[in-house]
Amino acid sequence: MTLSNLTLATAAGDHRALTLTLFGVFVLATLGITVWAGRQTRDAADFYAGGRGFTGFQNGLAISGDYMSAASFLGIAGVIALFGYDGFLYSVGFLVAWLVALLLIAEPLRNSGRYTMADVLAFRMRQRPVRTAAGISTIVVSVFYLLAQMIGAGSLVALLLGIEGDAAKRWTIVGVGALMVLYVVVGGMKGTTWVQIVKAVLLIAGAALMTVLVLAKYDFDPSSLLGAAAHASGKGDAFLAPGLKYGATGTSELDFVSLGLALVLGTAGLPHILVRFYTVPTAKAARKSVFWAIGIIGVFYLMTLALGFGAAALVGPRTIKASNAAGNTAAPLLAQQLGGGAGSTGGAVLLAVISAVAFATILAVVAGLTLASSASFAHDIYANVIRRGRAGEREEIGSAKLAAVAIGAIAILLSIFADRLNAAAVVALAFAVAASANLPTLLYSLFWKRFTTAGAVSSVYAGLVSSVLLVVFSTVVSGTPTSLLPHTDFHWFPLENPGLVSIPIGFLAGWIGTLLSKQSADPAKYAELEVRSLTGLGAH
Amino acid sequence: MDHPHQQPGSPPDGIVTATEPLELERPDEDPEFLVLRAGFRSFAFPVTVGFLLWYLLYVLLSCYARAFMATTLFGHVNVALVLGLLQFASTFAIAAWYARYAELRLDPSASLLRERYGRPGLVTPRGAGE
């Protein structure tokens, strides 16, 4: 323990200046892009949808950038390094989820919406109740997701830059928050998309470099890498099979099924992913962007497998745990080891590069989240609910920029007070809320002729409230030493992830709400939505 | 709360809808549209059910059949790893399959319907090619 702390501290001194320099270069370059994009941003389509001028491949990269958050890069590599195979289960769920988006959501959404998820939900419903509900759930999902990234940023900076103490952590969170608001307010969707593209390329290049270096140590024989990882883990072949993290009890097994369900159904309901489909000119380009995203994200997750097992084999679980109990620093530690080990110049350089990439990742993802939630506030709640459609475009964009500042401030405040929370649990909660509140309504709106306003509103609120409440009464919030409130215990829900219960509630509520509604659905409006969503007639 | 007397197609509550209303001569009854819809649904729905069941099988095996998953196949490669990689492979394959299917079976119908019913200026100005 003492020895590894010492190792990390020595390394921290070597690479700190280099990490700061590289990260500074990234920030300056992306700010340049943002200012350039800001000059080209004139109307609402530019601000919300990047002028709809990106190609399928560019948007595929940007989607990958939005999706490969710090939780994916650092979190999954860390879980694999510590728990072996069980970390891979996350990757599988995160990837398979994209087929839901590809087959059912991306093209109809692009064809029938304009700027936000609520555009599609409200198409054949009464605007104000549906837009209010969709706007609230968009903001709730995004703020949970934001929270996870900001908490991650705070703990990472302490570990990677060797800065200790709460003050430094808080200033980092404030700095990250201020930068993300700047990206969004100045650059809009065009700036944010280019930031995602740059970040995705950097992240993939960094991960590919490390993967090749890891495999080279084992003569490019994955089986011997696995063998070395299993040996170093001290758990033998059990390390390569499921069960180390989720196999302890019947409840934890059920918790994993719940998590799996939330992962596979959550992606297609994440607002910051959905708005990406509006940045391309046609549904065909939206399809191509998901196609590319699946390829890029899939290859990336395969690389995290090599990184996780590589970290287990080359760094070892004891050193990783000593540095960060959750394993979040496994990938940077592996980089240091691959460069020549602690104290070597090569180790310091590679550690600095990977740390800077990790910061870039966090910054880009939080910018995407802030944009999606402020767009929904401005377009759905402000322009359509509060101003009842009488706000001009300039006024609407102005309110989006104010909302970005407000949401940034809320996220900064929450992250400062909630830095006890486990970042991975918060991300999984965001997926569960998205799968419970957004996906059922989206699917019903697009594919069920009889779906009504009452059904849409009940589905969103029931999914939202049940998923959030179940988390409040789970061990995430109280009852265990790792909970948000470790000294009290009011938990009664046994699972950490609410998906297994709240997703069916979301679907059921939409169905029951429709059956009970006084007003029946308008078949002509549904026919129009079907024509629009399948052909692209009248698309923006 | 409810407004039963609204004209179909008019924005409820006097609020601007997401998109301008279309004035179409019932493209939803066009045989070409019915072919397009059937082509989309007959692919997307069964394939979605299929890959969700395949994923669920993988999750349940990982939880409740761990001895089977831990069976070594060769070297240090076990059933669990191969099944996980097969999930990746099936995801890539379904994405490619759908991309090809949509290009051959859905896109021609969709662009034909856009030409038949689209008013100039309503169809996305950057063209439907990309």
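Where is the place of A:F220 in chain A? Select it and you land in the loop between α8 and α9 of chain A. A word on names: helices (H or I, at least four residues) and strands (E, at least two) are DSSP runs, numbered from the N terminus. Before going on, know that this is a predicted model, in which local features need pLDDT of at least 70 and side-chain atom pairs count only at pLDDT 80 or more, while totals for chains, interfaces and linings use all residues. Residues are numbered from 1 along each chain as its sequence is written, and chains are lettered from A and ligands numbered from 1 in the order in which they are written.

**The loop you are in**

Most residues other than glycine have a negative phi. A:F220 has a positive one, near 55°, and is not a glycine. Now pick A:D219, also in the loop between α8 and α9 of chain A: its phi is positive too, at about 55°, and again this is no glycine.

Are these residues buried or exposed? A residue is buried if 20 or more other C-beta atoms lie within 10 Å of its own, exposed if 12 or fewer, and partly exposed in between, with C-beta atoms placed from the backbone. A:D219 has 8 such atoms within 10 Å, so it is exposed. A:F220 has 11 and is exposed as well.

**Back along α8**

Step back to A:V212, which sits in helix α8 (residues 166–217) of chain A. With 13 C-beta neighbours inside 10 Å, A:V212 counts as partly exposed.

Next, show helix α3 (residues 56–67) of chain A together with α8(A). Their axes come within 7 Å and cross at roughly 75°; here axes are lines fitted to C-alpha atoms, for helices over the stretch in contact, and angles run from 0 to 180 degrees between N-to-C directions. That makes α3(A) roughly perpendicular to α8(A) (angles under 35 degrees count as roughly parallel, over 145 as roughly antiparallel, 65 to 115 as roughly perpendicular and the rest as oblique). On the α3(A) side, the contact includes A:L61, A:A62 and A:S64; on the α8(A) side, A:I197 and A:A200 are among the residues. Two residues are in contact if their C-beta atoms, placed from the backbone, lie within 7 Å.

Zoom in on A:S64 of helix α3 in chain A. It is buried, with 27 other C-beta atoms within 10 Å. Leaving out residues up to four places away in sequence, A:S64 touches A:A200, A:A293, A:I296 and A:I297.

Select helix α12 (residues 283–314) of chain A. At 1.5 Å a residue, its 32 residues should span 46 Å, and its end C-alpha atoms are 45 Å apart, which agrees; the expected span is 1.5 Å times one less than the number of residues. Of those 32 residues, 29 are buried, so α12(A) is largely enclosed by the rest of the structure. Just after α12(A), look for A:G316, with a positive phi of about 95°.

Then try helix α16 (residues 393–417) of chain A: its 25 residues should span 36 Å, and the end C-alpha atoms are 36 Å apart, which agrees. Its buried residues include A:A400, A:A404, A:I407 and A:A411.

**Over to chain B**

Chain B has three helices and two strands, running α-α-β-β-α from the N terminus. Buried residues make up 26% of its 130 residues.

Where the chains touch, 65 residues come from chain A and 60 from chain B. The largest share of the chain A side, 11 residues, comes from α5(A).

Show α5(A) with helix α1 (residues 31–64) of chain B: they pack at an angle of about 170°, with their axes 10 Å apart. That makes α5(A) roughly antiparallel to α1(B). Among the residues making this contact are A:V96, A:L99, B:F51 and B:Y55.

**Last stop: colour by confidence**

pLDDT is the predictor's confidence in each residue, from 0 to 100. Chain A has a mean of 88, and 94% of its residues reach 70 or more. Within chain A, confidence is lowest in helix α1 (residues 2–40), at a mean of 73, and highest in helix α19 (residues 499–516), at 97.
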